[in-house]
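Work through the following exercises with the sequence and the model side by side. Each task is followed by a solution that goes step by step.

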Amino acid sequence: MNDLFANLYELITGQTDLANELYNSEAVYVPVGWCMVLLSLIGMIVYYYLINHPRFNRWYHWLLMVLVVCLINFGIAYFRANDAIDSMYAEQNQDSPFSAMEFISFSMANALWTFVFSFAFSIGIKWKSRNASRTPF
């Protein structure tokens, strides 16, 4: 699983030193990747089957839900990666050589994949929703 999620994230961020450290730690890619997949699915289930109200069947309501899930996954990726790298370097009594922008880049990649997975889950599960089966398209 580590290889699968590493390939997804590194497709966007590239093969960087941070990517190598995140891959080697094995405490980042898999948990963050599974959170991304599961929260994308849960967000779409909530939108299509729990909210499922005629007032919320517009494309911008769907987009708002996806953006909220993207923001949550952005935070999960940022803090999980930052904590893993900080603890790895703290064991060696060193400061982390990575900047906040590198963690933001990884988190943006996670948010982008969240959007893609949410869109894919929308296509797969929207058909049975009474009120939002045509949202976002």
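**Exercise 1.** By about how many helical turns are Phe117 and Phe121 of helix 5 separated?

*Solution.* This is a predicted model, in which local features need pLDDT of at least 70 and side-chain atom pairs count only at pLDDT 80 or more, whereas totals for chains, interfaces and linings use all residues. Residues are numbered from 1 along each chain as its sequence is written, and side-chain values use heavy atoms, with hydrogens and water left out.

Step 1: Phe117 and Phe121 are 4 residues apart in helix 5, and they are therefore separated by about one helical turn. Helices here are DSSP runs of H or I with at least four residues, numbered from the N terminus. An α-helix has 3.6 residues a turn, so residues three or four places apart point the same way.

Step 2: Phe117 has a relative accessible area of 22% and is partly exposed, and Phe121, at 21%, also counts as partly exposed. Buried means under 20% relative accessible area, exposed over 50%, and partly exposed in between, with a 1.4 Å probe and protein chains only.

**Exercise 2.** Determine which parts of the chain the aromatic pair of Tyr9 and Phe106 ties together.

*Solution.* Step 1: the structure holds 13 aromatic pairs, where rings of Phe, Tyr and Trp (its six-membered ring) pair if their centres lie within 6.5 Å, and planes under 30 degrees apart count as stacked, over 60 as edge-to-face and the rest as tilted.

Step 2: the pair of Tyr9 and Phe106 is edge-to-face, at 5.0 Å centre to centre and with 70 degrees between the planes. Because Tyr9 lies in helix 1 and Phe106 in helix 5, the pair ties together parts that are 97 residues apart in sequence.

Step 3: both Tyr9 and Phe106 are buried, and together with Tyr29 they form one aromatic cluster.

**Exercise 3.** Describe how helix 1 packs on helix 3.

*Solution.* Step 1: helix 1 (residues 2-13) and helix 3 (residues 29-51) pack at about 75 degrees, with their axes 9 Å apart. Axes are lines fitted to C-alpha atoms over the stretch in contact, and angles run from 0 to 180 degrees between N-to-C directions.

Step 2: helix 1 and helix 3 are therefore roughly perpendicular to each other, given that angles under 35 degrees count as roughly parallel, over 145 as roughly antiparallel, 65 to 115 as roughly perpendicular and the rest as oblique.

Step 3: among the residues making the contact are Phe5, Ala6 and Tyr9 of helix 1 and Tyr29, Val30 and Trp34 of helix 3, contact meaning heavy atoms within 4.5 Å.

Step 4: Ala6, at 3% relative accessibility, counts as buried, and beyond residues up to four places away in sequence it touches Tyr23 and Tyr29.

**Exercise 4.** Where do the buried residues of helix 2 lie when seen down its axis?

*Solution.* Step 1: Leu18, Ala19 and Leu22 are buried in helix 2. Seen down the axis, the buried residues of helix 2 fall within an arc of 100 degrees, so they line one face of the helix; the arc is that of the directions from the helix axis to the C-beta atoms.

Step 2: Asp17 and Asn24 are exposed on the other side of helix 2, while its buried residues pack against helix 1, helix 3, helix 4 and helix 5.

Step 3: helix 2 (residues 17-25) meets helix 4 (residues 59-91) at an angle of about 85 degrees, with the axes 10 Å apart, which makes helix 2 roughly perpendicular to helix 4.

Conventions. Helix = DSSP H or I, 4+ residues; strand = E, 2+ residues; numbered from the N terminus.
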